[in-house]
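Subject: Structure for your review

Dear colleague,

Please find below the structure that I am handing over to you.

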Amino acid sequence: MSQIFLPPSSQEPQPPAEVDPAHDAPPPPTYTAEPLKKPSRFWRIVKWPIHQLLKGIYLVGSLINRHRIISLIALLAVAAMVTGGVLTYRALNPQHDQTAGGSTSGTGSINIPDTPFTVVNGAQIPLSNGVVLWLHGTKTYNAQELWNGMSTDLKSAFQLQGSTEADLQRTLDTFRTQGLKFDEYVVAGSFQFPDGTATYTVEVIAHDSTQRYILTWYFKADPTGQILSFQDITQA
């Protein structure tokens, strides 16, 4: 048999393409941590006392835990010292309702001077015997007590005006008939002079069947306590 040969191809075989040699991947960059930033000077200044405070609290707590009895005694001593200091300060620096040098009233622009320039809150002196008799006599409608509380000079002045003990009793009986009752006596002020005489201002709270009254009585007593003068200074 005969063999049939195909004609040669017009395309010549191409040489295989050159393959670029494989390159190794570059190694990853090495991580380098950023250097720590130095705290600012302001923060260092603020942090130091906080650190010392926390340290001190820790040391004190440790000391208290180890020596509880001694710590309790020290705590009581500190509390006593603080209390004594506060009381001493208040005693040496009394507070005033008004500021030094004057103050302004709440309803206007008038400057009110500070009161301790010459105003003194004097202590109340006890009522004299004559004033006590007068007040109790009006409370119980007993004119004899009023009369016994008067000095000789005041009795003479009453008699010159035509008034006697009996007239006083009739006046008190009229008060009782009209339902006037004396409820309270409030000593508003008192002062004793160098010669032994004294003055008393008494606010009298009374009422009847229709209304309530606040009367103001002013007494002057001699050194023995008897009433030298009596005035009803009640405002209308």
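The chain contains an open sheet of four strands in the order E3-E4-E5-E6, with antiparallel pairing. Helices (H or I, at least four residues) and strands (E, at least two) are DSSP runs numbered from the N terminus, and two strands pair if DSSP finds at least two bridges between them. Strand E3 (181–192) and strand E6 (227–232) form the edges, each pairing on one side only. On average, neighbouring strands of this sheet are turned by 20 degrees against each other, direction ignored; the axes are lines fitted to C-alpha atoms, and angles run from 0 to 180 degrees between N-to-C directions.

Please note that this is a predicted model, in which local features need pLDDT of at least 70 and side-chain atom pairs count only at pLDDT 80 or more, while totals for chains, interfaces and linings use all residues. Residues are numbered from 1 along each chain as its sequence is written, and side-chain values use heavy atoms, with hydrogens and water left out.

Within the sheet, strand E4 (residues 198–207) and strand E5 (residues 212–221) run antiparallel and are joined by ten bridges. Valine 204 stands opposite leucine 215 in E5.

Leucine 228 lies in strand E6 and counts as partly exposed because its relative accessibility is 28% (buried means under 20% relative accessible area, exposed over 50%, partly exposed in between, with a 1.4 Å probe and protein chains only). Its contacts (heavy atoms within 4.5 Å), not counting residues up to four places away in sequence, include Ser151, Leu154 and Thr197. Serine 151 is placed in the loop between helix H4 (143–149) and helix H5 (152–160), and it counts as buried because its relative accessibility is 5%.

Helix H6 (residues 165–177) has 13 residues and reaches 18 Å from its first C-alpha to its last, close to the 18 Å expected at 1.5 Å a residue (1.5 Å times one less than its number of residues). Just after H6, glycine 179 takes a positive phi of about 85 degrees.

H6 also supplies the largest share of the lining of the largest pocket, four residues. Of the 17 lining residues, those closest to the pocket centre are Trp134, Thr171, Phe175, Trp217 and Phe230. A pocket here is an open set of points on a 1 Å grid over the protein atoms alone, where a 1.4 Å probe fits, with protein on both sides within 12 Å along at least five of seven lines; lining residues have an atom within 4 Å of a point.

Yours sincerely
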